[in-house]
Amino acid sequence: MLSKKEKKLIAEIWDRLKHVAEHIGSDALLRMFASYPGTKTYFSHLDISPGSEHLLSHGKKIVLAIAEGSKDISQLTVTLAPLQTLHAYQLRIDPTNFKLFSHCMLVSLAVYMGEDFDPVAHAAMDKYLSAFAAVLAEKYR
Amino acid sequence: MVEWTEQERDIINSIFSSLDYEDIGPKALSRCLIVYPWTQRYFGGFGNLYNANAIKSNPMIAAHGIRVLHGLDRAVKNMDNIKATYAELSVLHSEKLHVDPDNFKLLADCLTIVIAAKLGSAFTPEVQATFQKFVAVVVSALGSQYH
């Protein structure tokens with residue numbers, strides 16, 4: 001459950017970070033590929049080497065979607081409806097991977113924000129990313 | 001048996017020798033209690049855990065965080081035998097402390113984040129992968145004697 005304060009904090013953080021969407025997004029993806037090699041199987045059609053066009057643009061896409069969702073967290077199901085359909089019927093990424101990506105996103109945030117990624121921000125962000133992942137998987141079955 | 005390359009050993013040793021245990025230990029444990037509040041169930045006798053600030057300034061939690069981090073030292077010094085090294089601690093956590101082994105992963109994740117915040121970009125994807133391999137072995141070893 002996210003408090004009002006936490007929702008505000010999350011929206012603020014992503015509002016700042018969307019300007020470095022490519023950097024944060026590609027960093028999180030690289031971390032996921034390094035720690036969980038099985039996740040690479042979903043990207044056989046792309047060049048996911050560090051700094052590649054594909055990686056940067058894909059990372060940017062993901063971060064911007066997360067940032068968009070954070071603007072009004074109570075409306076996540078509405079905001080994410082198209083992405084829900086995409087993931088359920090086309091991409092069909094096993095939802096366990098959402099957890100792996102979320103963890104790596106938290107690490108990227110810690111690396112980028114340092115001490116500013118304090119326990120309160122971490123808790124709020126973890127809850128938000130869990131909620132985001134849950135909504136994303138809603139149409140799977 | 002877990003295999004470690006020379007590079008992985010270097011990475012783990014380098015991370016731990018760069019850590020200030022008095023700083024990182026308390027940070028990791030207090031973060032775990034804040035991010036995963038249900039873990040507070042094991043710390044009933046530790047005084048005020050009422051909110052994030054209380055947890056962060058709680059001296060008993062800080063002391064315990066330091067102890068836990070020093071406990072990890074034993075794995076760093078015995079990387080080829082982590083399971084045996086932690087057999088006794090595993091029994092302790094199971095029989096005496098009654099800690100759900102799922103909690104070990106929660107603390108490990110918080111420690112990863114604290115170290116990431118500390119090391120910044122030096123905590124590269126490869127370093128992270130090695131560190132996560134290490135804590136996964138530790139977590140597994142601590143859960144190994146549960147029955």
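Guide: A helix here is a DSSP run of H or I with at least four residues, a strand is a run of E with at least two, and both are numbered from the N terminus. This is a predicted model, in which local features need pLDDT of at least 70, side-chain atom pairs count only at pLDDT 80 or more, and totals for chains, interfaces and linings use all residues. Residues are numbered from 1 along each chain, chains are lettered from A and ligands numbered from 1 as written, and side-chain values use heavy atoms, without hydrogens and water.

Let us start with the pairing itself. Side chains of opposite charge can pair when their charged atoms come close. Over all chains, the structure holds 11 salt bridges, each being a side-chain nitrogen of Lys or Arg within 4 Å of a carboxyl oxygen of Asp or Glu.

To say how open they are, we call a residue buried under 20% relative accessible area, exposed over 50% and partly exposed in between (1.4 Å probe, protein chains only). A:E12, with a relative accessible area of 39%, is partly exposed, whereas A:K8 counts as exposed at 56%.

Further along chain A, the side chains of A:E68 and A:K71 also meet in a salt bridge, with 3.1 Å from N to O. These two residues are three apart in helix α3 (residues 53-71) of chain A, so that about one helical turn lies between them. A:E68 is partly exposed, its relative accessible area being 41%, and A:K71 is exposed at 57%.

In chain B, we can look at a pair with another arrangement, in which B:E8 forms a salt bridge with B:K133 and the closest N and O atoms are 3.2 Å apart. B:E8 is buried because its relative accessibility is 14%, while B:K133, at 28%, is partly exposed. Salt bridges can also share partners, and in this way A:E115, B:D23, B:K27 and B:K118 are joined into one network.

Which charged residue can we place by its helix and by its distance from another residue? B:K105 is found in helix α7 (residues 102-119) of chain B, and its relative accessibility of 47% is why it counts as partly exposed. Although B:K105 and B:V2 are 103 residues apart along the chain, their C-alpha atoms are separated by 18 Å.

A:C104 is in no disulfide, and the nearest cysteine sulfur to its own, in B:C110, is 15 Å away. A:C104 is buried, with a relative accessible area of 0%, and B:C110 is likewise buried, with a value of 0%. For B:C110, the closest cysteine sulfur belongs to B:C32, and because it is 4.6 Å away it is too far for a bond.

Finally, we can turn to two loops and look at the backbone angle phi. In chain A, A:R92 has a phi near 45°, which is a positive value in a residue other than glycine. A:R92 is placed in the loop between α5 (81-91) and α6 (96-113) of chain A, and its relative accessible area of 58% makes it exposed. In chain B, B:H98 is not a glycine either, yet its phi is positive, at about 50°. The loop that holds B:H98 runs between α6 (87-96) and α7 of chain B, and B:H98 is exposed, with a relative accessible area of 55%.

Definitions and conventions:
A disulfide is a pair of cysteine sulfur atoms within 2.5 Å.
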